[in-house]
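Q: Could you take me on a close look at the charged pairs in this model? I would like to know which residues pair up, and where they sit.

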Amino acid sequence: MKMNKTIAKKLLLFATVTGSVLAAAPSLAATFALSKGSFDFNFSTDPLEVVTLTEADTFVISSGGDVIAEANAVSTFNPDSPNPLKRARNKSLSTAEGEGSNYRGVAESFAGLIGYNFFVDAGETFSFDFNGFLDLITMIDNPPAESASAEGTVVFELYDSNDLSTPIDFFALSGNLETLGYDDFLVSAHSDNVFAYNDFTKLFGGTEEFALADVQGYYERTFETATYLTLVEAKTNKAIVKAPESSNLLGLLFFGLLSIGYRVKTKSFTDKSKLLRD
């Protein structure tokens, strides 16, 4: 059986401590956000087909400060390895940082993989080991004018290849930081045949937050009849920083506009500010 790319993309969509020091001048402020994840599998059985996908996107806009956004993703699946264990691995990273005023930076990354048609004979046990991590970090200097957020999700799901609509087992790890928001969390969940051990370290509240998760475990299930299995793993990471124009800058612009024509220039300034906020 072959898996077409439409099914692969549909499945991946469905299955949907690093530090930084930012030096800022006293009159300026700095923001930083990081979302990073990695996941490894070790299989003793080969799938018949593998699919890997990655995507990375960034967006920045600034009229009064400096902002940088970076994103990258890597995904590998090597079922033909001569080693006894077949390894699949992917990782993704999104970072954004800014300094000054009136800017926004967004970084998003995605990495996914599919092992299609692992064959398990009647009465046999299908198993694999896994380990990974999810790191989220946010920092701001000047609340409440600035904000930084980081979110990430790692999910793997196992399907009977004859029914790709509903997973028979799963694992999920998800986290979110909003500085200075209140929607901070780091959680995980899994089905009965997944044995996972989580090590969570987190600090919520204040101008510097982090949520760090290390996970390891294994999957094990015995099938009564001969079965083809499909494993889907997907990882998403997103980092956002933003800051509005400072009151001092607004004041200077306001008096400058008065000197060259209040009505015409104020309308232009309002339109530009609305665009930046959007």
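A: Happy to! Let's start with Asp40, which is buried, as its relative accessible area is 7%; buried means under 20% relative accessible area, exposed means over 50%, and partly exposed lies in between, with a 1.4 Å probe and protein chains only. A word on the basis: this is a predicted model, where local features need pLDDT of at least 70, side-chain atom pairs count only at pLDDT 80 or more, and totals for chains, interfaces and linings use all residues. Residues are numbered from 1 along each chain as its sequence is written, and side-chain values use heavy atoms, with hydrogens and water left out.

Now to the partners of Asp40. Arg87 makes a salt bridge with Asp40, and their closest N and O atoms are 2.4 Å apart; the term stands for a side-chain nitrogen of Lys or Arg within 4 Å of a carboxyl oxygen of Asp or Glu. Arg87 belongs to strand S3 (residues 86-120) and Asp40 to strand S1 (residues 30-43), so this pair ties together parts that are 47 residues apart in sequence. Strands (E, at least two residues) and helices (H or I, at least four) are DSSP runs, numbered from the N terminus. Arg87 itself is partly exposed, at a relative accessible area of 41%.

Arg89 also forms a salt bridge with Asp40, with 3.3 Å between the closest N and O atoms. Here, too, distant parts of the chain are linked: Arg89 is in strand S3 and Asp40 in strand S1, 49 residues apart. With 34% relative accessibility, Arg89 counts as partly exposed.

Another pair is Glu233 with Lys235, a salt bridge whose closest N and O atoms are 3.0 Å apart. Glu233 is buried, with a relative accessible area of 0%, and Lys235 is buried with a relative accessible area of 0%. As for Asp40, Arg87 and Arg89, salt bridges that share partners join these residues into one network. In general, side chains of opposite charge can pair when their charged atoms come close. The structure holds four salt bridges, the pairs described here among them.
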